[in-house]
Amino acid sequence: MSASRIARIALVTGASALVACGSSRSDSPGQGVHPVAYADPALHGADAIASLALCQGCHQSTFAGGGPLHTPSCNKCHADAGHPDWQTDCTFCHGDAARAADPGYPLVGSPAITANLAAPPSSLGTNNVVGAHVAHVVTAAMASPVQCSQCHGPSLPTNLDHVDGSVLIGWGNVASAGNVTPSPAGGNVARDQLLTCANYCHGATLAGGTDTSPSWNGPARTCTSCHGLPPPTGRHDVHVSLGMACSYCHFATATEPVGTSNVEVISSSGKALHVNGVKDVVLEPVVQGTWDPTQNGGKGGCASLCHGYGGPSANGTGWNP
Ligand code: HEC
Ligand code: HEC
Ligand code: HEC
Ligand code: HEC
Ligand code: HEC
Ligand code: HEC
């Protein structure tokens, strides 16, 4: 809520005698406690989420209105506008009810919806809070849509208790894979802060990424943001410089679209494996082999058509020098 409006309500609340008898305020909408045109959702909605408790002081704890001030009912007015269940309707304040339902997300709220609909935008905040939700939840170009629980903790809200001015950050198993402690630390962060995130997903433990602590409002990711293309590990360089595509060894994850060369994309079935917390090495079927990290005395290697079936691969020197 803007300082001026807090001051205004505080002033009136302080002058309790005036308000309590109601005699000195006009009953015309907007002419009393609140600024003119306060029925506008953009005006009162933003104030409400900034401090529901303040509203409850006069509009009653259940938002049913009445009381000594004869306040209007939030519930009735919202029901008249088509939202009888606004307190548990997860897209009433944020998200997009018209977004396609994604059955990969759990059902939340009442009426129940798939949680992906509740991800901002839109929301009543400014850009920071909206951030990269669409990239993670809706478009998800390079990986499966990311569950809310990977960033907001295991249990999603069921009522208005979470509207407390702060956003709960709680990291899931992928964000903390590889023994990474993601940042910012889990817990409540003040709403609308400019956040920078570091975690397993964005390459905290991987080699060669150029932007492994991206801003929540940063630009779209590319194939070199989180790890190198290829990463500078093991014998990536020597293989890739021979012209081998990523899909030679990451067949289940990456592909080169037909008619292209050196254009690496994540295949549609590979999205479930990419950024899942596991390095997936699956050799292209034509080389008839498997990757074995225990070969060559733990340096790793491939028993394959390329290196001679069964024998120590890469002349016995292994993947890692
Ligand atoms: C005069 C009628 C009226 C009253 C009284 C009213 N609201 Fe609203 N409110 C609306 C309408 C209409 C909407 C928009 C609903 C929609 O999106 O279809 C809305 C939307 C909201 C939103 C979401 C805003 C947004 O832009 O998405 C919040 C939050 C909200 N109201 C809180 C409250 C609270 C809390 C109270 C009581 C303290 C209250 N309202 C009282 C009419 C009212
Ligand atoms: C000091 C008591 C008080 C507080 C605090 C209060 N209201 Fe009200 N509200 C009223 C009264 C009284 C009315 C009746 C019209 C008027 O006086 O403005 C009202 C009317 C409204 C209306 C209808 C406005 C219209 O033009 O029809 C909305 C919407 C509303 N309040 C929302 C809120 C929200 C949201 C909050 C919390 C941010 C809040 N109110 C806090 C007393 C209060
Ligand atoms: C990749 C991590 C990530 C995922 C996945 C994610 N969020 Fe968020 N969310 C954030 C961050 C970070 C913020 C806080 C941004 C800020 O305050 O600057 C946030 C804030 C929010 C907010 C507050 C918006 C506001 O107006 O203050 C809502 C609502 C929200 N998320 C809902 C969801 C829902 C629902 C899902 C799942 C469909 C989801 N988020 C998935 C990271 C994520
Ligand atoms: C009255 C408005 C309102 C309703 C209704 C609402 N939210 Fe929120 N939600 C917010 C606001 C505002 C935030 C940002 C945090 C804050 O300011 O407390 C938020 C934040 C979130 C977050 C980010 C994590 C957190 O706890 O801060 C998630 C996830 C979320 N909401 C899910 C839901 C779900 C699920 C429902 C339905 C059960 C729901 N919301 C209903 C206003 C609402
Ligand atoms: C948001 C960060 C991020 C971006 C952007 C990204 N990757 Fe990855 N990538 C990862 C992570 C994390 C791994 C580690 C293995 C895992 O968890 O799936 C990985 C692993 C891989 C692997 C190994 C196979 C696997 O599934 O483990 C390939 C191949 C790959 N990425 C290709 C690409 C290509 C091609 C692009 C661009 C289209 C790209 N990556 C963009 C994060 C990213
Ligand atoms: C000759 C086989 C081969 C090719 C070709 C190959 N990789 Fe790998 N890749 C591996 C093996 C084996 C591992 C597991 C050992 C390691 O992490 O170095 C791996 C691991 C990775 C990892 C995890 C790296 C880390 O820091 O832990 C990423 C990311 C990756 N590959 C991406 C790629 C990309 C992108 C390409 C194409 C530009 C590619 N790979 C081409 C065999 C290959």
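Author: A polar contact is a pair of N or O atoms within 3.5 Å; within protein, one must be able to donate a hydrogen and the other to accept it, and residues adjacent in sequence count only if both atoms are side-chain atoms. Residues are numbered from 1 along each chain as its sequence is written, while chains are lettered from A and ligands numbered from 1 in the order in which they are written. The model is predicted, with pLDDT of at least 70 needed for local features and 80 or more for side-chain atom pairs, whereas totals for chains, interfaces and linings use all residues; side-chain values use heavy atoms, without hydrogens and water.

Reader: Which residue caps the N-terminal end of α3?

Author: Helices are DSSP runs of H or I with at least four residues, and strands are runs of E with at least two, numbered from the N terminus. Helix α3 covers residues 41–50. A side-chain oxygen lies 2.9 Å from the backbone nitrogen of A42, and the residue that supplies this oxygen is D40.

Reader: Which residues coordinate the iron atom of ligand 2?

Author: Donors are N, O and S atoms within 2.8 Å of the metal (3.2 Å for Na, K and Ca); water is not among the atoms, so sites may look incomplete. Two NE2 atoms coordinate the iron at 1.9 to 2.0 Å, those of H34 and H59. The pair links distant parts of the chain, 25 residues apart: the loop between α2 (16–21) and α3 holds H34, and helix α4 (residues 52–59) holds H59.

Reader: Is H59 buried or exposed?

Author: Buried means under 20% relative accessible area, exposed over 50%, and partly exposed in between (1.4 Å probe, protein chains only). At 22%, H34 counts as partly exposed. The relative accessibility of H59 is 14%, so H59 counts as buried.

Reader: Which helix gives the largest share of the shell around ligand 3?

Author: A residue is near a molecule if one of its heavy atoms lies within 4 Å of it, and 26 residues surround ligand 3. At least two shell residues come from each of α6 (127–130), α7, α8 and β3 (166–169). The largest share is three residues, from α7.

Reader: How far is an oxygen atom of ligand 3 from the side chain of R191?

Author: Nitrogen atoms of ligand 3 lie 2.8 Å from a side-chain N or O atom of H133 and 2.8 Å from one of H152. For R191, the pair consists of a ligand oxygen and a side-chain N or O atom, at 2.5 Å.

Reader: Between which domains does ligand 5 lie?

Author: Ligand 5 is surrounded by 22 residues, including C223, C226 and H274. A polar side-chain atom of H274 lies 2.8 Å from a ligand nitrogen, and a side-chain N or O atom of N276 is 3.1 Å from a ligand oxygen. Domain bounds come from an automatic or database domain assignment. Two domains both give residues to the shell, so ligand 5 lies between domain 2 (94–220) and domain 3 (236–316).
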